[in-house]
Amino acid sequence: MRLALILALLPGLAWAEDVLLPAPVTDVVLYPGSLTLTRGETTDLPAGEHRLMIPVGRAASEPRIVLDGATLLATSFAEEALIDGTVLYDPNQRAAQDSVDAAQAAVDAAEDRADRAHAAAEAAAAQLSFWRSVSGGALTGLEPDALAATAAAIAEGVAAAQTAQVDARAALRAAEDDLEAASTALEQANRDLAATGAEPGPIDLLILDIAATGGAVTLTLEQDAPGGWTPLYDAILDEGAASLTLIRRVEMRQGSGLPLSDAEIRLSTADPNAQSEPSPVFPNQAIIREDAPRPLARAAEDFAVQLEAAPEPAPVVIAAAVLPDMPVLTYALPGPVDLPADGAPVTVTLGTLDLPVRVFNRAAPRRDDFAYLMAEAADGPPETLLPGPVTRYRGTTRVGEARLPLVPAGETLEMAFGPRRDLPVEFVLLENETGEDGFFTTSGTRVQDMAFRVRNMSDAPETVETLFALPYSEQEDLELTVRTTPVPNLRDVEDARGVAQWNVEIAPGAEVEVDIRVEAEWPEGQVLVWRP
């Protein structure tokens with residue numbers, strides 16, 4: 001699209017060499033928290049100096065300018081320079097404006113019909129009032145035949161006026177209904193027009209003073225603007241088929257103020273606004289002080305003073321969708337997408353992944369009341385899954401919302417699908433020889449018995465992978481002896497010190513109990529800090 005407008009369109013600003021270029025958006029790269037758009041246009045100009053005037057939109061930064069066929073002399077901005085912004089409308093905006101004009105015409109016609117119906121109702125009411133104002137006393141001097149004719153005329157007049165009033169009221173109601181519908185259509189048409197980024201004026205302009213060599217001049221602008229994208233997922237577990245279906249979607253938004261209906265849109269995991277250089281490293285001084293007991297509040301106060309005295313590090317900005325050392329990923333959309341200029345989000349589907357999974361139950365009896373249904377794709381997804389909200393379904397039943405972490409291609413993906421209420425779990429504290437069950441224990445020994453139980457209320461046998469954190473010590477003076485019946489199937493699960501796992505097999509209607517005894521011994525005068 002090319003448009004050259006001369007003096008009459010820019011009163012007080014233009015001269016004969018002024019050229020107004022819409023410079024439509026041709027390419028968009030959406031980042032997690034912003035966007036970069038590329039605009040361009042080619043026009044033929046004679047040799048000499050000219051001014052190119054380009055609508056600015058709502059850019060977040062000054063554009064990067066590339067000219068081919070001309071030399072850039074100066075750059076400036078003019079606020080509200082162009083009053084008639086309709087001259088810059090693209091076909092979509094023009095069609096939206098035509099819809100607004102048609103809707104406005106329908107509103108005007110409905111208002112006229114309502115006004116006419118209201119006038120007809122008032123006229124009928126006036127006629128009815130006139131006929132009813134004729135009293136019997138005014139007819140006493142009439143001959144019988146004349147009296148009868150007059151009475152009949154009054155009756156006919158009253159009936160006609162009442163009928164006209166009823167018809168006028170019905171027409172008024174219909175006209176008011178039409179007016180309401182037309183007003184709603186006009187409101188929607190105005191919203192649709194606003195979503196295209198149409199600005200009837202005034203419009204801010206970027207002004208480029210250039211020296212053309214003569215012939216084709218190509219302008220390319222690259223600028224940042226508000227916007228972003230967020231991955232969205234639906235996770236559907238098919239227990240019978242041991243399959244997990246991931247429907248991948250992406251929600252996009254843009255606030256450039258420019259129409260993006262014909263632009264090529266790409267999604268990038270890069271973040272130009274994130275930290276791009278290493279953090280500064282400050283000296284790390286070690287000091288010693290007298291070892292004197294101090295109240296906890298005083299110790300916290302001293303710690304705060306030390307923090308205030310330390311050099312303040314530079315702020316760290318963390319990218320929202322990319323972890324350190326992860327490559328930048330770029331996604332191309334499956335087809336053209338029209339992103340509204342008013343910032344309204346648009347969601348598109350990128351595709352579906354079907355993953356074979358291991359379906360199992362997991363319980364944490366120290367904290368939860370039930371086991372949870374789990375799915376594990378050991379081979380992971382065939383491509384990297386970015387972090388984002390995920391809605392989880394067990395078959396057709398929605399079980400909850402969560403957030404999917406970053407899952408690189410080929411890495412294990414694990415996801416929960418709600419509680420198994422037919423697999424209740426229970427944790428109980430049993431004997432405690434010290435008589436103390438708080439966080440701090442002051443005697444030199446402690447023996448604590450505890451247990452957890454898993455019950456199967458379903459009609460089929462179940463296996464529950466049950467996790468429990470057993471206490472451990474890294475101090476020579478604190479001796480811990482932990483005995484469990486039965487012994488766990490795994491220890492230090494996923495390298496978490498002390499975390500044990502029992503693969504509990506339970507028959508229908510049965511209950512399994514795991515008993516745990518912890519014996520602790522430490523020197524007198526010390527305090528055991530532990531809660532079972």
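Which strands each supply at least two residues of the lining of the largest cavity? In this predicted model, they are strand 9 (227-238) and strand 10 (243-254).

**View 1. The largest cavity and the residues that line it.** Sorted by residue class, the lining of the largest cavity comprises 8 nonpolar, 1 polar and 3 charged residues.

**View 2. The cis peptide bond between T485 and P486.** The peptide bond that joins T485 to P486 is cis, with an omega of about -5 degrees. P486 belongs to the loop that runs between strand 22 (479-485) and strand 23 (499-506).

**View 3. E494 and its positive phi.** E494, a residue other than glycine, has a positive phi near 50 degrees, and its place is in the loop between strand 22 and strand 23. Because its relative accessible area is 71%, and exposed means over 50%, E494 is classed as exposed.

**View 4. D495 and its positive phi.** D495 lies in the loop between strand 22 and strand 23, and phi of D495, a residue other than glycine, is likewise positive, with a value near 65 degrees. D495 has a relative accessible area of 76% and is therefore counted as exposed, for which the cut-off is over 50%.

How values were computed
Residues are numbered from 1 along each chain as its sequence is written. This is a predicted model: local features need pLDDT of at least 70, side-chain atom pairs count only at pLDDT 80 or more; totals for chains, interfaces and linings use all residues. Side-chain values use heavy atoms; hydrogens and water are left out. Helices (H or I, at least four residues) and strands (E, at least two) are DSSP runs, numbered from the N terminus. Buried means under 20% relative accessible area, exposed over 50%, partly exposed in between (1.4 Å probe, protein chains only). On a 1 Å grid over the protein atoms alone, a cavity is a set of points where a 1.4 Å probe fits but cannot get out, and a pocket is an open set with protein on both sides within 12 Å along at least five of seven lines; lining residues have an atom within 4 Å of a point. Ala, Val, Leu, Ile, Met, Phe, Trp, Tyr, Cys and Pro count as nonpolar, Asp, Glu, Lys and Arg as charged, and the others, Gly among them, as polar.
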